Every structure is written in C-alpha cells, then in structure tokens.
Amino acid sequence: MMRSRSWEKVFFTILGAPAAICLTVFFWITSVLLTGIGTIRLNLLTTSALQGGLFEMIVGTAYLLLGAAGVAGPVGVFAAIHLTEYARHGRLIRVIDQAINNLAGMPSILIGLFGYAFFCRQLGLGISLASGWLTLALMMLPIVIRGTEEAIKMVPYNFKEAALALGASKWETVKSVTVPSAAPGIITSILLGMARVAGETAAILFTSCVLVTRGLPKSPFEPVMALAFNLFVKIVALGESPDKVFGIALILFLLVISFASVGIALRIYYRRKQPWLR
Amino acid sequence: MSHNKCASPNFLKSFDKPVEKLMFLCALSSIVFLFLMLLFITREGMQALFTFGADFIIGPVWETNSNLYGALPLIYGSLMVVAVALAVAVPIGVATAMFVEEVLPFSIRDLVKSLIELLASIPSIIYGFIGVLFLAPQIASLFGLSSGTVALTASLVLAIMTIPTIVSVSGETIAAVPKEYKEAALALGATKWQTLKNVVVPTAKSGILASVMLGFGRAIGETVAVLMVAGNVAVIPTPPWNILSPVYTLTAAIAMQMGEAAVGTLEYSALFGLGLILFIITLVVNSLADIIAKKGIKGEKGL
C-alpha cells in the first residue's frame, strides 16, 4: 500500500506535465505577440489604410462582428427558446439537435464556400459586408443556441410556474420571466460567439473582404477590409515579411482574447452565482 | 418534458401566435442551412465529379496547369497531417483533462480550464503566423531542411489547436462520472490513482473517444493555420510516411485556389468537389462522435 501511495504521486505529477505544456504554450504565444507591441503606435489605429494605418480594418472587423451578432443573436435565442420551452421531445428535435452539433463542427472554409455559392452568387449579394454577416452568423449560430439553452435551463422552474399560476400565457412567461432571468447567460453566449468569429479568416476569405477599400463601406452591399483577411493576404499572397504585419496580428489577438476572456469570466461568474440564489 | 406543456392551458391556443412560428423557423434554421450547404456545394461541384468520375477521388495528379484534378494527394495530405497531430494531441489532451478534473484542487480548476479555453479561441491565422515565424525555422534547423514548412510543422500547429477540444469534451465526461462510483472504489481501499485508472477512465471511455472524433473533425477542417505552414505541394510524399516533406491539404487547396478560379471553370467546380469530400468526412465523423457520446450516457443510465 505504501508503495502504491508513493507511486501515485509520481503518476499524478506525470499527468500534470501535459497540462503544464498547454499553459506554457498559451503564455508563450501571448509573450511572443506582446514583443510586437513596440511596433504599434497609437496613431496607427486611426490612420487610414491608404497611409499604412489600420483604421478601416479595425472598423471593418467591428462592422462584420456587430452585423453577424445582429443576425445570429435573435435567430439563435429564438431557436433556443423554441427548443427548451416549446418543442415536444421527438424525432424532429433529435434531428435539429444533431444538425446544430454538425453545424458547430463544420469547417469554416466550408461555411465560406457555401457563403460564396449561396449568399454571394445565388442571392446576388456579391462580395459584400452583408454576405460576410450572414456567413459569420452561420458560424455563430450553434454557439448562441447552445449557450442560450444552457442559460434558460438554469432558470428555476418555480419562476415559470409562478408566472403561469398568475395567469400569464406561455409567451408572456417566456418574455417577462424566462428570458430576463437568462439574460446574462444569453449575452455571454453572444460574446463567445463573437470571439469565435472575430479572428475568422477562412469564412470571409471569398465572401466579404478585399485588401484595400477607399474609405469605409457606405452600404452593406460593399466589400470591407478586415484585420484577419489583411493579415492572411499580406503573409500568404503578398509574402510580406512577418515583422511588418506584427501590429495587425497583435491587435487581432488582443481583440479576440478580450472578447473570449470577458465571455468566459462572465459565464463562470453566473454559473457560480446565480442572482436568484442569493 | 411533456408536463410543462400541461402547465399552460393556453398552449394550444397560443400556438398560432406568429412569434411562436417564428421561433420554430429559427429552430429549423440549422437543419435548413446544413441541407442548403450540401445542396449548393454538390451543385457547384457536379461538373468536376461528372468529368472525372471516381478519378476525382483516387486520381493521383492535382495540376491546375494541365486541368487535371485528382484529389488523392490532397486527401492523403489532410489525413497524414491530422493523424500525426492527433498522435500528439490525444495523449496530451486526455492526460490534461484527467489532471484538471481529478487532481487539481477545485479552486484553480476553473482558472486552468478557462486558460485552455482561451487557447482554443486564438484565431487560426495567429497560430499560422506564429508557426511561420517561430516553429517553421526551428523545424528547419532541427532537421537540416531548406524550408520548415512541412507536414510535421503543420501537425504540431494542428495538435496545439486540437488539444483544447479534446480537453474540454473528455473533461466534461470525466467530470460526469457519478461520485458514487469513485466513492465505492475508494471505500474498497483503492488508491486515487487506481480509482482513476480502473473506474473513472473506463466509465468515461465513450466520451473520451467522442472527444477524439471531434478533435479529428476540427483538425481536418482547419484551413488557414495549416496552409501557412504545410508547404502546399500536391504530391504524396515519398516514402508516404515522410513527415518532413511538404503536403497540400483539402482545405488549403480550396482557400489558395478559390481566389483565382473563375466561376464555371473546371477548377472552380473541382474546388467545390473538394468541399463536398470534406463535408462528407466532417458530417460522418461528427455524427459518429454524437452517437458514441449519447451511447455512453445511455450505458451509464442502464447501470
């Protein structure tokens, strides 16, 4: 017994090594990118791309993100409400469930390929901001649906029963009790969805971006510039030396990491401390 | 559950409300779009499939200049890169999941899990950037190659990108092993390690397998990071297991060539054909993962 106890410590230490590797990789990537911080000057952020700045890319990325969230948010939340509150458990729901999982696992390049064939060509939107919104929304959708489902399931059942007992209809209950109680979780899931698509390159590669535009897009039917797309084209197609694009990489990294960490932190906070348990 | 329907007497009446129809449509959207994806990718890929027939999949030559599109080198490239990546990522990922769920004290568990999740949220373009800038030169000097953009580099980058998926999915199933099982084993005098090895892992087996499948699906669909470091040469390496030669993957071919391929040409169609192959692989792998994971849960309930 003593022998196996001391072996145990050895085993557990060995088991910890991979975890340490993961964390080391994360901190290494962060530190490598942060070495590029010297190349960024604040005026770079507000200078037009025509003068070597990043302004249009940053605003373009924001346009893409907000638009995609504007599409995937409502659709995802409605879908999740239907699935948790209205749907009868049966074959159709199982199929929908599988479809959501499959959509979540779809490679972004395929979403981009489909976006090109369907949104750009079939619907005639062309290479445009609108095509980018719809394509990215398709990637966000499963994340929003799953997150919202989880948030709704955490709302205590007696909240809903109380509302129903007071004579509220099903929809009134959902609207004024379930959704408000689940709101923090819903917002978190949208944030996590935005983190997923903020740095996405493959999906917008042929649906929505161009290398340089003259100023910001004036309508949703014009192409945009985006950080990820620019970084990709500059390294892969134009073969610019990596240190020249360090600034773009760093800003993209900080953008995505801040979205993701706020989302993750909020999720942990609300899982642990649900307001109604106080 | 059906009883929450009964709780609302208004249920039947309210079903015709437009909002509820709208919600139903939204719920259907994921099926509809998955179906449309299959439809449109197939439609655009038809021309190449008809022109080459089975040779589209088993043809060994992928050459844009001579308009020959056989996807075998690309399928091989994808599978090879992913196989090596999983060989690295699965042991590390599963061990990390075990460590995080079973060994780490509760207070820092969330922190470590969040950091691993952050690792997953780093965009693939950033991984590719780091791979080109730091990993590829290291690999080149380590093996004395003229260029470090080879299959091995791509596999290592992919492994790092796949680990978070494996950790989170297998971690979930490890955490879901009923406490009673572990307590029973410990009460019988098993050590913590014996409990982990003989009770926890066997019970979570199907979830761990599902996490590997999901990792496979994630890895084979990865595009940007892979194409930046894989070298992109559409030839099966000689010998076939030579991981120090450049490869071209399905995803890389689509991303690299789509920009130049004019609509309606054979090349354009062939790229959608690649998309179809990838779509089918991902659909099969993800569905299998789903079935395995669900089976595991059912099996536990039966106990």
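Helix axes are lines fitted to C-alpha atoms over the stretch in contact, and angles run from 0 to 180 degrees between N-to-C directions. The model is predicted: local features need pLDDT of at least 70, side-chain atom pairs count only at pLDDT 80 or more, and totals for chains, interfaces and linings use all residues. Residues are numbered from 1 along each chain as its sequence is written, while chains are lettered from A and ligands numbered from 1 in the order in which they are written.

The contact takes 74 residues from chain A and 76 residues from chain B (contact: C-beta atoms, placed from the backbone, within 7 Å). On the side of chain B that touches chain A, helix H3 (residues 18-52) of chain B gives the most, with 18 residues. That side of chain B has 49 nonpolar, 20 polar and 7 charged residues. Here Ala, Val, Leu, Ile, Met, Phe, Trp, Tyr, Cys and Pro count as nonpolar, Asp, Glu, Lys and Arg as charged, and the others, Gly among them, as polar.

Between the chains, the axes of helix H9 (residues 227-237) of chain A and helix H7 (residues 124-143) of chain B come within 10 Å and cross at roughly 30°. Helices are DSSP runs (H or I, at least four residues), numbered from the N terminus. H9(A) and H7(B) are therefore roughly parallel to each other, a term for angles under 35 degrees. Ala228(A), Leu231(A), Phe232(A) and Ile235(A) in H9(A) meet Ile125(B), Phe129(B) and Val132(B) in H7(B). By class, this contact has 7 nonpolar, no polar and no charged residues.

Note on methods. Helix = DSSP H or I, 4+ residues; strand = E, 2+ residues; numbered from the N terminus. Parallel < 35°, antiparallel > 145°, perpendicular 65-115°, else oblique. Contact = placed C-beta atoms within 7 Å.
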